[in-house]
Amino acid sequence: MKKKAFLLLLTFMVLLMAMPNAWANGSRESNLVAPYAHFVWAVPPATGPFTTHYLINNVAGVTNTVNVKCYSDINNQRVGPGAGTTFNIAPNAIAWADPASLGLTTDPSFTGFGWCYFAGS
């Protein structure tokens, strides 16, 4: 049973690594979509969960606002806060987020797989 769980986890890890990176255009206003996956499993010796982390980099000379809205991949429903999660990122700074910090894991529609839409201004 442990071998099957390990092989399943390894398969998901390979699939996640094969996903393309989401890139924005330098300091221009950009909107982009990026996938996420969240599993409560752990990969020893690390504790769980195995999850996606987003790094949002502001290379502009002014503070930028980024709003993140996420959707479930299985039933294509919005998950997380209705208004999304907003980040005000200082110049040359990085903000990070994951499904838990975006409020997805407490939503009843959360399935563990999906995508997020990042709208910058």
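Modeller: The torsion about the S-S bond of Cys70 and Cys116 is about 100°, so this disulfide is right-handed. Please keep in mind that this is a predicted model, in which local features need pLDDT of at least 70 and side-chain atom pairs count only at pLDDT 80 or more, while totals for chains, interfaces and linings use all residues. Residues are numbered from 1 along each chain as its sequence is written, and side-chain values use heavy atoms, with hydrogens and water left out.

Biologist: What makes Cys70 and Cys116 a disulfide?

Modeller: A disulfide is a pair of cysteine sulfur atoms within 2.5 Å, and the S to S distance from Cys70 to Cys116 is 2.0 Å, so the pair meets the definition. By this rule the count comes to one disulfide.

Biologist: Which parts does the pair tie together?

Modeller: Cys70 lies in strand β4 (residues 64-72) and Cys116 in strand β8 (residues 113-120), so the pair ties together parts that are 46 residues apart in sequence. Strands (E, at least two residues) and helices (H or I, at least four) are DSSP runs, numbered from the N terminus, and the protein chain has one helix and eight strands.

Biologist: Why does Cys70 count as buried, and why does Cys116?

Modeller: Buried means under 20% relative accessible area, exposed over 50%, and partly exposed in between, with a 1.4 Å probe and protein chains only. Cys70 has 2% relative accessibility and therefore counts as buried, and Cys116, at 0%, counts as buried too.
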